[in-house]
Amino acid sequence: MSEEKKYVLVEHEKPWRYEEEGYTVTRGSAWTGPGCHLGCGVLMYTNDEGKLVKVEGDPENPFNKGRLCVRCLDLPEVTNSDKRLLYPMKRDKDKRGKNEFERISWDEALDDIEAKFNEIADSSGPESIVFLQGTGRDIASWISRLAWSFGSPNYGFPLSGLACYLPRVSGMMSTTGSFWVCDCSQQFVDRYDNEQYEVPEVMILWGNNPLISNSDGFFGHWVTDLMKRGMKIITVDPRMTWLGRRAEVNLAIRPGTDAALALGMLNVIINEELYDKEFVDKWCYGFDELCKRVQEYPVEKVANICWLEAEDIRMAARAFGNAKNGCIQWGLAVDMVREALPAIQAIAAIYQICGYIEKPGCMIAPPEILFYGGGFGSDLLTPEQEAKRIGLQKYPLLHHGFATLQADEMMAQMETADPYAIKGAWLQTTNTIACMGADPKRFYNAARNLDIVVCIDLFMTPTIMALADYVLPAATFPERDGIRVGDGPQRGETINKCTSVGECRSDMEINLELGRRFNPSAWPWKDVQEMFSAVYDGTGYDFKGMREIAPAYPQFSYDRHAKGMLRQDGQPGFNTPTGRIELWATQYANADLDPLPYFGEPDPGPTSTPELLNEYPLILTTGARNWGMFHSEHRNIPRLRAMRPDPIIEVHPEAASEYGLKDGDWVWVENQRGRAKRKVQITTVLLNSKYCSTDHAWWYPEGDPEKLFDVFDLNINNSVPWVPGKSGFGSNYKCMLVKLYKVKDGE
Amino acid sequence: MAEKSGILIDYDWCTGCHSCEMACQMEFGFPVGQSGVKVFQVGPWQIDERKWQYSFMPVFTDMCTLCAERAAKGKLPSCVQHCQADCMKYGSLEDLVKEVSSHNKQVLYAI
């Protein structure tokens, strides 16, 4: 993009490193591991032995202004945990699943992996090794470059329908040319006091509880900051949350019906002429077609679909449409339904036709230093190799957004070897069989047949115990240098090493070391600091220079679409085929998809498969976040585990009474595909007696390693199939039909 | 006699994030489950069609020293600094007493 690379600096008293009464204090960005989607400013205290003893929020960092959540406060317990992986290990392939790892040196590990990967590349082609990551750790830029420099186009996420963030990114990139975030003044060093800034009149929180979920570059408590400054909120959530309690209206939607709700709200906003006609005329494409489509979704019909009151839908649509400015903070729930893409398109159309784009307190395209999901080294791949990317032919929208494989196709290809066999896996930052993988046993069975599996992580996990032939120990963020080029508006902000643990190395050190063995010209840097400086090329700073002045904010102005700042060619408009925001999506039509938003019933579901309701009467949503845990992490950290000792399923009092369940009972949560063990918590936060909600990503680090830490008894994804939406994006992780029954003694 | 200090909680804004508890545990190395401040939850229950009771309240324990050592260095008590909802205020009791009546749902701790 043609954003001018000028930076606004934050005045701060403290240098990046200073002494304070016997401690060394290192200022920096709190970015991973352990996982997170933010990057708060922190002060890391180390003692005279170089041990991390305390982490505080940095009051001089505008992002979090000294505030911090429990996971960073408790970071010393993570970094110094006696459960950390401390050195490289190997295990014979025929001993997968046995707790029989053997310590080896870094040289031996890297020599072996290099030799075995090259052997596979020679015999089967580099595309037969997949490079997979989890989420939230600083990895996408580095693992994708590793894959591409090795010659494999198969970098990705082992998540059905890539159903986390990527559907939203791909959907937005293909219809608007950018991603969009709520303007909470996060792009300004002086934040809410900036003279250009205006507080949003209304924010819709859609399928997201940002206070807890630390979503994509969005510090959740900005919402309370803005509410104190007068912002009103509308929440879309099947559960009552602290925010929902304070909302103008909470729409307790039936899980998986988000597209219908958005189309119903569009129906109101269009038919009552609450949209911004000038903006639509000038900057949107396909409004008439959208107009026609929303007539198929009158509010009463939508209320019926979503199990809502029609008047509540109207109230929400009017409050948003009548506002002078507004924004929508959306969450994972919109990705985690099979037909996610049209839901995303419909939700985005609400703020698009209201003209809440590139104005203060509206939606803004986040300024970026590096597009980390495909911007660092995609040119290393030949067109011939790129064409072998798994799923690319079937799902052309993979050309937009993150340059990943399609995971459901990968899953099938691991089993069928069609069109070519998968021989090896590099699993870096992913605990696939405990967390994002659908049907974890299916992945497990297929991966056990691979010729080589390498895992890189902080702790022993069920995935490592089940599958790894080589294990490489990764560093937490106080143990490494880095740059914060992740989700949301990017800042020049460095991650600064202040301690060491065992022989752990950072993810990017590992990738640089191995990458230059495969392809020296693709990794010309002598160390990671030089590599980070290369990413900062064009900013006017190198890594060390940025470390001195960080945080540095790219200069920002509003109305960039009008100023020609959102298109590579410098013309006004948006980076789409028509140069406009496409309400009728050219790229969807080109991919033989419906170019307009529509609602697809969740399947199975109460409407699409009513015959299943006798056996499976409840609607389960999964993955609501807890304060102390990031996905499958933190179960082995005492202070954080104490906040959530058990995997919980929330059950409505009426349902509990109907099925004879008491608080604290252990139950199986089961559908036609599988089951998982949960402890019952009876609560009225569920706003319909048919709804239940449970934690995801459970395993017991204290359990038997050779029973894989009980992961197959605890993983709720036992119930989730590998079936994506028509576009290749979206999957039903958060809307399933289930039954509950008590666990028997000894189970 | 030295000026007495306290903490004012605007509990209408407490989101129950537990940062105050963890900040305190880590500042003093208290055992798991013990802290100078503990957050309690009240609700959720429905009051009427549109209204819910769902709030949190930090309560200070006998282990709280108001972070005297930090205060001596000009720093805020660790719970106050890290409060994500920014609903805790540290200051002299004399000043905070004046503020407590500025709006509803505030509570002042003299510690």
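Across the interface of chain B and chain A, 22 residue pairs are in polar contact, both partners having pLDDT 80 or more. The model is a predicted one.

**Interface between chain B and chain A**

- On the side of chain B that touches chain A, at least two residues each come from α1 (19-28), β2 (37-46), β3 (52-60) and α3 (78-82) of chain B.
- Of the elements of chain B, α1(B) gives the most to this side, with 6 residues.
- Sorted by class, the side of chain B that touches chain A comprises 17 nonpolar, 10 polar and 8 charged residues.
- In terms of contacts, 35 residues of chain B meet 38 residues of chain A.
- The size of an interface is often expressed as the accessible area lost when the parts come together.
- For chain B and chain A the buried area is about 3,200 Å², and carbon and sulfur atoms give 57% of it.
- Within chain B, the residues that lose the most area to chain A are W13(B), W52(B) and Q84(B), which together account for 23% of what that side buries.
- Between chain B and chain A there are 6 salt bridges.
- A salt bridge links D312(A) with R50(B), where the closest N and O atoms are 2.6 Å apart.

**Cavities**

- The structure contains 15 cavities of 30 Å³ or more.
- The largest cavity holds about 530 Å³ of space.
- Its lining consists of 35 residues, and those nearest the centre of the largest cavity are G207(A), N208(A), L332(A), A333(A) and K734(A).
- By class, the lining of the largest cavity is made up of 13 nonpolar, 15 polar and 7 charged residues.

**Largest pocket**

- Lining the largest pocket are 45 residues, of which W627(A), M643(A) and R644(A), together with H18(B) and Q41(B), lie nearest its centre.
- From chain A, the elements giving two or more residues to the lining of the largest pocket are α6, α23 (638-641), β25 (648-651), β27 (675-682) and β28 (691-694), while from chain B they are α1, β2 and β3.
- The largest share of this lining, 5 residues, is supplied by β2(B).
- Strand β2 of chain B also supplies at least two residues of the side that touches chain A.
- The lining of the largest pocket has 21 nonpolar, 15 polar and 9 charged residues.

**Backbone features**

- Most residues other than glycine have a negative phi, and most peptide bonds are trans.
- In chain A, T32(A) and G33(A) are joined by a cis peptide bond with omega of about -10 degrees.
- G33(A) is located in the loop between β3 (23-29) and β4 (41-46) of chain A.
- In chain B, a cis peptide bond connects G43(B) and P44(B), with omega of about 5 degrees.
- P44(B) is placed in strand β2 of chain B, the element that gives the largest share of the lining of the largest pocket.
- Although W307(A) is not a glycine, its phi is positive, at about 60 degrees.
- W307(A) sits in the loop between α12 (299-306) and α13 (310-321) of chain A.

Conventions. Residues are numbered from 1 along each chain as its sequence is written. Chains are lettered from A and ligands numbered from 1 in the order in which they are written. This is a predicted model: local features need pLDDT of at least 70, side-chain atom pairs count only at pLDDT 80 or more; totals for chains, interfaces and linings use all residues. Side-chain values use heavy atoms; hydrogens and water are left out. Contact means heavy atoms within 4.5 Å. Buried area is the accessible area (1.4 Å probe) that two parts lose on being put together, summed over both. A salt bridge is a side-chain nitrogen of Lys or Arg within 4 Å of a carboxyl oxygen of Asp or Glu. A polar contact is a pair of N or O atoms within 3.5 Å; within protein, one must be able to donate a hydrogen and the other to accept it, and residues adjacent in sequence count only if both atoms are side-chain atoms. Helices (H or I, at least four residues) and strands (E, at least two) are DSSP runs, numbered from the N terminus. Ala, Val, Leu, Ile, Met, Phe, Trp, Tyr, Cys and Pro count as nonpolar, Asp, Glu, Lys and Arg as charged, and the others, Gly among them, as polar. On a 1 Å grid over the protein atoms alone, a cavity is a set of points where a 1.4 Å probe fits but cannot get out, and a pocket is an open set with protein on both sides within 12 Å along at least five of seven lines; lining residues have an atom within 4 Å of a point. Grid points are joined across faces, edges and corners, and a volume is the space filled by probe spheres set on the points.
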